[in-house]
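Subject: Structure handover

Hello,

Here is the structure I promised to pass on. Please open it first, then read the notes below.

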Amino acid sequence: MTKAFTFKVLATDGKARRGSITMPRGEIRTPAFMPVGTGGTVKAMYMDQVRGVGSDIILGNTYHLMLRPGAERVARLGGLHEFARWPHPILTDSGGFQVMSLSKLRKLTEKGVTFRSHIDGAAYEMSPERSIEIQGLLDSDIQMQLDECTALPAKENEIERAMELSLRWAERCKTAFGDQQGKAMFGIVQGGDIAALRLRSAQALKAMDLKGYAIGGLAVGEPQAVMLEMLDITCPELPADRPRYLMGVGTPDDILKSVARGIDMFDCVMPTRAGRHGLAYTRRGKVNLRNARHADDPRPLDDESDCPAARDYSRAYLHHLVRSQEALGAMLLTWNNLSYYQRLMQEIRAAIEAGAFEARAAEISEGWARGVIPAM
């Protein structure tokens with residue numbers, strides 16, 4: 001595998017892109033979905049299962065890992081790859097979103113943000129330089145700039161202030177990151193739901209000549225139509241030869257529509273969180289295993305799936321596990337959900353290569369529209 005971080009677009013179909021990111025720890029086939037491993041674990045999954053369903057890369061969270069077990073401790077133990085037994089690529093987010101959303105006691109300045117841990121109330125400081133330092137201690141392969149994410153709706157002047165601060169922090173993160181062989185730092189486009197601010201942010205980040213670009217501050221309360229409008233505005237402003245990452249998104253439908261607009265990378269807690277709460281993603285949409293209609297149903301979730309969780313266990317058994325709050329229920333449904341998401345990404349990549357993305361996306365959407373199979 002190459003010692004450098006590279007990205008190549010291998011095929012296009014409309015604005016949809018089939019690409020490949022290569023780096024020392026492996027290849028990421030794009031469009032890619034990254035399972036979220038917030039605290040060094042993809043919840044309810046073994047790492048070999050995460051790899052087995054087709055994941056090329058996982059996400060770790062700077063905020064949570066700096067609080068527990070601590071970045072310096074992870075570094076002493078060999079870095080996050082060794083610590084979590086995942087030798088493949090890892091992306092770490094900067095921690096900015098969690099600082100803003102989880103910490104009630106926080107103070108934001110030009111220098112950075114001071115906050116109190118949601119775990120024990122201990123005081124911490126997070127500057128752009130410290131965020132990059134922590135991500136370096138974790139030894140992640142793709143590192144994100146520290147930014148300020150504004151929940152929507154918000155006033156335009158507040159969105160603009162946060163966007164401009166994020167740009168200044170991006171410059172500082174770039175300097176702190178330096179030129180790390182085989183790794184990358186991504187900038188994050190902000191600007192809320194204001195088209196002019198999104199354009200300013202994208203153009204300023206493009207001028208920094210970064211190795212990749214993320215689009216942040218979406219799927220934070222706005223309708224899907226607004227998110228897609230911002231993608232229509234932002235994606236054409238980003239370099240065609242760099243990966244584009246839509247942060248925190250999303251539903252399978254969000255993914256289809258965002259790929260159609262040129263997005264290459266996604267992450268979301270949705271498939272793992274849903275699995276822990278009795279909800280399964282399938283070719284025929286979402287299935288709520290808590291519902292009594294499944295109590296006597298011997299059929300599997302999907303007899304055509306290559307995932308044992310979907311193919312080999314009855315809906316009745318899964319319903320029993322969920323209603324009984326057995327840990328195995330969360331494990332099986334999470335396995336099913338991540339398998340479904342990765343199967344969706346595989347189908348998307350194949351369709352782009354074949355020049356049939358639009359038609360395949362319509363077929364997938366029609367499958368969801370058919371809904372859950374009739375009750376017995």
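In which helix is Asp 254 found? Asp 254 is in helix α10, residues 252-259. Helices here are DSSP runs of H or I with at least four residues, numbered from the N terminus.

Some ground rules. This is a predicted model, where local features need pLDDT of at least 70, side-chain atom pairs count only at pLDDT 80 or more, and totals for chains, interfaces and linings use all residues. Residues are numbered from 1 along each chain as its sequence is written, and side-chain values use heavy atoms, with hydrogens and water left out.

Back to Asp 254. Asp 254 counts as buried because its relative accessibility is 12%; buried means under 20% relative accessible area (1.4 Å probe, protein chains only). Leaving aside residues up to four places away in sequence, Asp 254 touches Gln 224, Met 227 and Val 249. Contact means heavy atoms within 4.5 Å.

Helix α10 is mostly covered, with six of its eight residues buried. Among them are Pro 252, Ile 255 and Val 259.

Now the pair α13 and α14. Tyr 317, Leu 318, Leu 321 and Val 322 in α13 meet Leu 328, Gly 329, Leu 332 and Leu 333 in α14. By class, this contact has seven nonpolar, one polar and no charged residues. Ala, Val, Leu, Ile, Met, Phe, Trp, Tyr, Cys and Pro count as nonpolar, Asp, Glu, Lys and Arg as charged, and the others, Gly among them, as polar.

Best wishes

Key:
Helices (H or I, at least four residues) and strands (E, at least two) are DSSP runs, numbered from the N terminus. Buried means under 20% relative accessible area, exposed over 50%, partly exposed in between (1.4 Å probe, protein chains only).
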